[in-house]
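Open the model in your viewer and keep the selection tool ready. The stops below go from confidence to pockets.

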Amino acid sequence: MIKHLCFDTKKCTTRELYDALINNWKGYEDLQQYIKSSNLHYGNAVREVDELAAWASETFAETVTSCSGPRCNYTAAMFPVTANVMFGMFTGATPDGRTAGTPLADGISPVQQMDKNGPTAVVTSVAAIDQTSFANGTLLNMKFSPSALNGKDSITKLSQLIQTYFELGGMELQINVISAETLKDAQRNPENYKNLVVRVAGFSAYFVELHITGQNDLISRTVLEM
């Protein structure tokens, strides 16, 4: 987004973008909205964006695996479990339109609400990352609307999507099939959803027992359609 805004389109200067971030987008709401409405975000199968994601992830992996500790060499991973929520609390505004204090992306998943082109675009973007560089594991979360899986054809399409992801080099994929409205209702009326189990990040949990920040992160994940 820095490249797009400040160099390719001259939408703003680097100083203007810096000021927008320092001020947490206050006074720069139009620029923030422009960024958020763009599809130039990882997860939308935009080659230039995905190439940058691949470069950043590979740089991270090379740095981690070059280090060693008292017991062994380090191995890189891209799964935050739920730490993306906590780390986001201490991270300022970022050039992708994110407001300070809000969660970061979970693992190799696209930023919540920024994947706008459907599940096949998500898989295409994630496949740009060489997951063999992450022997300690990766994490891709996807959330589907229940209506997306009505009928045998839809289930077949989902199984084909999963198979394609692994054929492209994917290591791990976890799926929730639930609407944001149901999760919001579970927040308001937890007594009615005591048995609602959700996949969080490498583990499953009762939704009503999660901390509200974790609940909100699950709710904010993009609801995908087939």
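Start by colouring on pLDDT, the predictor's confidence in each residue, from 0 to 100. Select strand 5 (residues 223–224): among the elements of the protein, strand 5 has the lowest mean pLDDT, 90. Now select helix 2 (residues 14–22), which has the highest, 98. Helices (H or I, at least four residues) and strands (E, at least two) are DSSP runs, numbered from the N terminus. Zoom out: the protein averages a pLDDT of 94, and 100% of the residues score at least 70.

This is a predicted model, in which local features need pLDDT of at least 70 and side-chain atom pairs 80 or more, while totals for chains, interfaces and linings use all residues. Residues are numbered from 1 along each chain as its sequence is written, and side-chain values use heavy atoms, without hydrogens and water.

Next, the largest pocket. Its volume is about 1,100 Å³. Select Tyr-42, Ala-53, Ala-56, Asp-96 and Val-111, the closest to its centre of the 33 lining residues. Then show helix 4 (47–65). Helix 4 gives the largest share of this lining, 7 residues. Helix 1 (2–8) and helix 5 (83–89) each supply at least two.

Move on to the second largest pocket, with a volume of about 280 Å³. Select Lys-36, Arg-98, Thr-102, Val-111 and Gln-112; of its 14 lining residues, these lie nearest the centre. Finish on helix 9 (residues 212–220), which gives the most to this lining, with 3 residues.

A pocket here is an open set of points on a 1 Å grid over the protein atoms alone, where a 1.4 Å probe fits, with protein on both sides within 12 Å along at least five of seven lines; lining residues have an atom within 4 Å of a point. A volume is the space filled by probe spheres set on the points, which are joined across faces, edges and corners.
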